[in-house]
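Student: I would like to see how the labels given to parts of a structure follow from computed values. Can we take them one at a time?

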Amino acid sequence: MGDARRFADRTAAGEALAAELRERGVDADVVLAIPRGGLPLGRAVADALDAPLDVAVAKKIGAPNNPEFALGAVATDGSVWRNEDALGGVGPDEEYFQHERERMAAAAREKAARYRGDRPEPELQGRTVVLVDDGVATGSTAMACLAMIRAQDPERVILAVPVGPPDTVADLRKQADEVVCLEIPGSFFGVGQFYDRFDQVTDEEAMTYLEWDR
């Protein structure tokens with residue numbers, strides 16, 4: 001891991017991100033967090049930037065015999081990121097990918113509805129949007145969320161994460177106007193290695209960070 005810092009927990013990581021965003025003079029109109037793990041950080045960032053907090057939801061498209069291996073990811077509106085390296089050669093056929101894209105897009109919409117209830121989606125056109133997660137590994141869900149946000153014609157999109165590997169961060173910089181990543185370690189095995197506490201966040205806990213009436 002080298003000299004990369006560790007974060008006590010997701011809230012501490014969010015506070016560190018918020019401090020960096022304020023140092024850079026970021027003036028956000030809306031903060032979007034990727035649930036579930038991104039919401040503790042999103043809450044800290046939204047509070048620090050005095051911006052409303054909402055969610056951006058995407059689901060990973062897994063390989064046929066290894067669902068944890070991302071062939072891509074799809075957001076609620078159908079915006080998709082494709083892992084072309086995995087899909088090439090002897091990868092699954094296009095019919096499988098499109099079937100899973102539709103299935104996982106529906107799952108993403110269901111999850112977003114569960115979090116948002118009857119509240120409308122935030123208006124992003126012409127606005128500065130900060131997208132937050134607790135870290136990136138392959139960056140698949142962040143890529144799909146960025147594509148979804150871009151489709152709504154915002155003025156500026158900033159991705160803010162505590163940690164990610166160099167290759168992934170480089171790819172994400174091509175999709176966002178700015179990427180704020182506090183740690184980009186050369187030795188990277190998983191996001192959790194950079195946290196002292198990295199417990200799974202339940203849907204119930206994640207939703208408490210939204211507190212829509214704040």
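Student: Why is Val 74 called buried?

Tutor: This is a predicted model, and in it Val 74 has 0% relative accessibility. Buried means under 20%, so Val 74 counts as buried.

Student: Which residues is Val 74 in contact with, leaving aside its neighbours within four places in sequence?

Tutor: Val 74, which lies in strand S4 (residues 66-75), is in contact with Ala 58, Lys 59, Ile 61, Ser 79, Val 80, Arg 101, Met 104, Ala 105, Ala 108 and Ala 144. Contact here requires heavy atoms within 4.5 Å.

Student: How do you know that the span of helix H1 agrees with what its 14 residues should give?

Tutor: H1 covers residues 10-23, and at 1.5 Å a residue it should span 20 Å. The C-alpha atoms at its ends are 20 Å apart, so the two values agree.

Student: What puts the buried residues of H1 on the same side?

Tutor: The buried residues are Arg 10, Ala 13, Gly 14, Leu 17, Ala 18 and Leu 21. They cover an arc of only 140° around the axis, and therefore sit on the same side of H1. In general, an α-helix has 3.6 residues a turn, so residues three or four places apart point the same way.

Student: What covers that buried side, and which exposed residues are on the face turned away from it?

Tutor: The cover includes helix H2 (38-49) and strands S6 (128-132), S7 (156-163) and S8 (178-183). Arg 22 and Glu 23 are the exposed residues on the face turned away.

Notes. Residues are numbered from 1 along each chain as its sequence is written. This is a predicted model: local features need pLDDT of at least 70, side-chain atom pairs count only at pLDDT 80 or more; totals for chains, interfaces and linings use all residues. Side-chain values use heavy atoms; hydrogens and water are left out. Helices (H or I, at least four residues) and strands (E, at least two) are DSSP runs, numbered from the N terminus. Buried means under 20% relative accessible area, exposed over 50%, partly exposed in between (1.4 Å probe, protein chains only). The expected span of a helix is 1.5 Å times one less than its number of residues. The arc is that of the directions from the helix axis to the C-beta atoms.
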